[in-house]
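Here is a friendly briefing to read alongside the model. Take a moment with the chain on screen, then follow the topics below.

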Amino acid sequence: GLRLYDPKNDYKQVHEIKLNEEKGLCQLDNGLIVTSSSSNIQLYSIDKDTLTCVFEIKAAHDGGLTKIISLPDNKFASSGYGGEVRVWEGTEPYTDIPLCSLALDNGQKGHSLIYMKEKNVIVFGLSYTLTVWNYETYEMEKEIAHVQCGDGNTIIQVDSDRVMCGDVWIFTVINITSGNVEIKIQNDKV
């Protein structure tokens with residue numbers, strides 16, 4: 001479930017919402033975005049001690065939703081197993097139509113997603129490819145193939161130019177400016 005605590009009152013729980021299958025959570029200026037394994041996205045407003053669902057997007061991605069992130073200007077992005085990223089408006093008037101869909105038609109499954117503020121880009125991790133999209137134009141800047149990110153379940157920003165991606169088997173540090181793999185760590189003991 002989703003619980004709301006009051007930091008001014010010894011972090012006493014003040015509200016709880018029972019959720020089924022919650023998968024992800026991110027914060028916007030005007031509330032919280034909660035996702036489920038059934039690909040639904042819900043926007044909750046926070047009003048003092050209460051969380052209220054003000055909008056829901058049903059089946060936001062075919063094949064399942066993998067990640068949700070906050071973006072500037074009260075927008076958010078979601079990624080799906082189908083290899084697409086969708087950017088949504090997080091303010092009224094709410095709509096279940098994305099502002100844009102960023103997709104690669106190469107049969108790879110999408111897994112993880114980050115926003116790199118310094119570069120103003122969205123980085124999307126697929127099975128063996130990273131894609132870098134310009135946040136303002138929604139145009140792909142770079143596709144870095146054969147990075148051996150395992151299942152690409154995790155992308156972490158290392159610094160303003162580099163990300164680390166991977167899973168339990170393999171981690172790779174990639175410079176998104178040059179497209180070069182800088183470090184590769186393979187775990188043979190798992």
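**Briefing: loops, a sheet and a ring cluster**

Tyr 11 sits in the loop that runs between β1 (2–6) and β2 (12–17). Please keep in mind that this is a predicted model. As for the secondary structure of the protein, there are zero helices and 18 strands.

**Backbone points in the loops**

- Tyr 11 has a phi near 55 degrees, which is a positive value in a residue other than glycine.
- Is Tyr 11 buried or exposed? Its relative accessibility is 56%, so Tyr 11 counts as exposed, the cut-off being over 50%.
- Asn 74 also deserves a look: its phi is near 60 degrees, a positive value in a residue that is not glycine.
- You will find Asn 74 in the loop between β7 (65–71) and β8 (75–80).
- Asn 74 has a relative accessibility of 8% and therefore counts as buried, since buried means under 20%.
- Between Glu 92 and Pro 93 the peptide bond is cis, and its omega is near -5 degrees.
- Pro 93 belongs to the loop between β9 (84–89) and β10 (100–103).

**The four-stranded sheet**

- In what order do the four strands of the open sheet come? The order is β15-β16-β17-β18, with antiparallel pairing.
- At the edges of this sheet are β15 (154–157) and β18 (181–186), each of which pairs on one side only.
- On average, neighbouring strands of the sheet are turned by 15 degrees against each other, with direction ignored.
- Strand β17 (residues 170–175) and β18 run antiparallel and are joined by five bridges.
- Val 173 has its bridge partner in β18, namely Ile 183.

**The tyrosine cluster**

- How many aromatic pairs are there? The count comes to four.
- One of them is the pair of Tyr 115 and Tyr 135, which is edge-to-face, with 5.5 Å centre to centre and 70 degrees between the planes.
- Tyr 115 is in strand β11 (residues 110–116), while Tyr 135 is in the loop between β13 (129–134) and β14 (140–145), so this pair ties together parts that lie 20 residues apart in sequence.
- Tyr 135 and Tyr 138 form an aromatic pair too, edge-to-face, at 6.0 Å centre to centre and with 85 degrees between the planes.
- Through these ring pairs, Tyr 115, Tyr 135 and Tyr 138 are linked into a cluster.
- Tyr 138, at 21% relative accessibility, counts as partly exposed.

**The protein as a whole**

- Of the 190 residues in the protein, 45% are buried.
- The protein exposes about 10200 Å², and carbon and sulfur atoms supply 46% of that area.
- Among contacts between residues at least 6 apart in sequence, 34% join residues at least 24 apart.

Methods: Residues numbered from 1 in each chain as written. Predicted model: local features only at pLDDT ≥ 70, side-chain atom pairs only at ≥ 80, totals over all residues. Heavy atoms only, no water. Pairing = 2+ DSSP bridges. Helix = DSSP H or I, 4+ residues; strand = E, 2+ residues; numbered from the N terminus. Axes fitted to C-alpha atoms, helices over the stretch in contact; angles between N-to-C directions. Buried < 20%, exposed > 50% of the residue type's maximum accessible area, 1.4 Å probe, protein only. Contact = heavy atoms within 4.5 Å. Areas by Shrake-Rupley, 256 points an atom, 1.4 Å probe, with all protein chains shown as cover. Phe/Tyr/Trp six-rings, centres within 6.5 Å; stacked < 30°, edge-to-face > 60°.
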